Structure formats: C-alpha cells, structure tokens
Amino acid sequence: MTKPIIEKRCTICKKLKPIDTDFYKKTSASDGHDYYCIPCRNRRGKRYHRKNRKQMLEKQAEWRRTHRAELKKYFAQYWEENKERIGEERRIKYAERKRMEGK
Ligand SMILES: [Zn+2]
C-alpha cells in the first residue's frame, strides 16, 4: 500500500505543497506538521533571528548605559587586581610584534 501524498497549504506563500517533503514536522500542530513550508520557514527564521539579535544588542547597550558606573568600578578593580599580569601580557605581545616586524 502506498501512502497517499498529502498536500498542505503554506500559510505564508499560499502554495499547496507535499506535507512529507516540504514541511517540517511539528508535534504541537494539529496535523503534526508546520504551518509554513520549509523555504518560508527558513526565510522567516532568518528574519526572526536578525530582529532578535538587534533587540539583544540594544538590550546590552541599554544595560551598559544603566550600569556604567558599576562597570567602571568593576574594570578599575579588575585592572588593579590584574595589572601586573596584564602588563606582562602586553609586554610579551609587544615583544612578539616587534620580533615579527623585525623579520
Ligand atoms: Zn511557503
């Protein structure tokens, strides 16, 4: 017995597409498949990601703005506690660069 090809209309591009090959499985959906076809889902996913990323960056910038004083204190303290190590690392890096340039 061959399985009939079930088609489903994508809610974005409004095209009828075979459900087994053009739709992702989605257990929470009533028919067990996604509402959008795979190409539409991918396009949507990318857009969603970009938007999310922008929001995330904005949130981070906002966070830095509101915590500026704390951050400054934190970095000052960090510098104070690690200045010898940081200084040493910088010296090594600088020496390495000099050596590379000398070649
Ligand atoms: Zn589609």
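Predicted model: local features only at pLDDT ≥ 70, side-chain atom pairs only at ≥ 80, totals over all residues.
Local features were taken at pLDDT of at least 70 and side-chain atom pairs only at pLDDT 80 or more, whereas totals for chains, interfaces and linings use all residues. Residues are numbered from 1 along each chain as its sequence is written.

The chain holds 3 helices and 4 strands, with helices (H or I, at least four residues) and strands (E, at least two) being DSSP runs numbered from the N terminus, and their order along the sequence is β-β-α-β-β-α-α. The radius of gyration, taken over C-alpha atoms, is 27 Å, well over the 13 Å that the globule rule (2.2 Å times the number of residues to the power 0.38) gives for 103 residues, so the chain is more spread out than a compact globule. Along the principal axes, the C-alpha atoms fill a box of roughly 75 × 45 × 25 Å. Buried residues (20 or more other C-beta atoms within 10 Å of their own, against 12 or fewer for exposed and values in between for partly exposed, with C-beta atoms placed from the backbone) make up 7% of the 103 residues.

Helix α3 (residues 68-102) spans only 41 Å between its end C-alpha atoms, whereas a straight helix of 35 residues would span 51 Å at 1.5 Å a residue, the expected span being 1.5 Å times one less than the number of residues. A kink of about 75° in α3 is centred on Asn-82, where the bend is the angle between axes fitted to the seven residues ending at a residue and the seven starting there. Of the 35 residues of α3, the number buried is 0, so this helix lies largely in the open.
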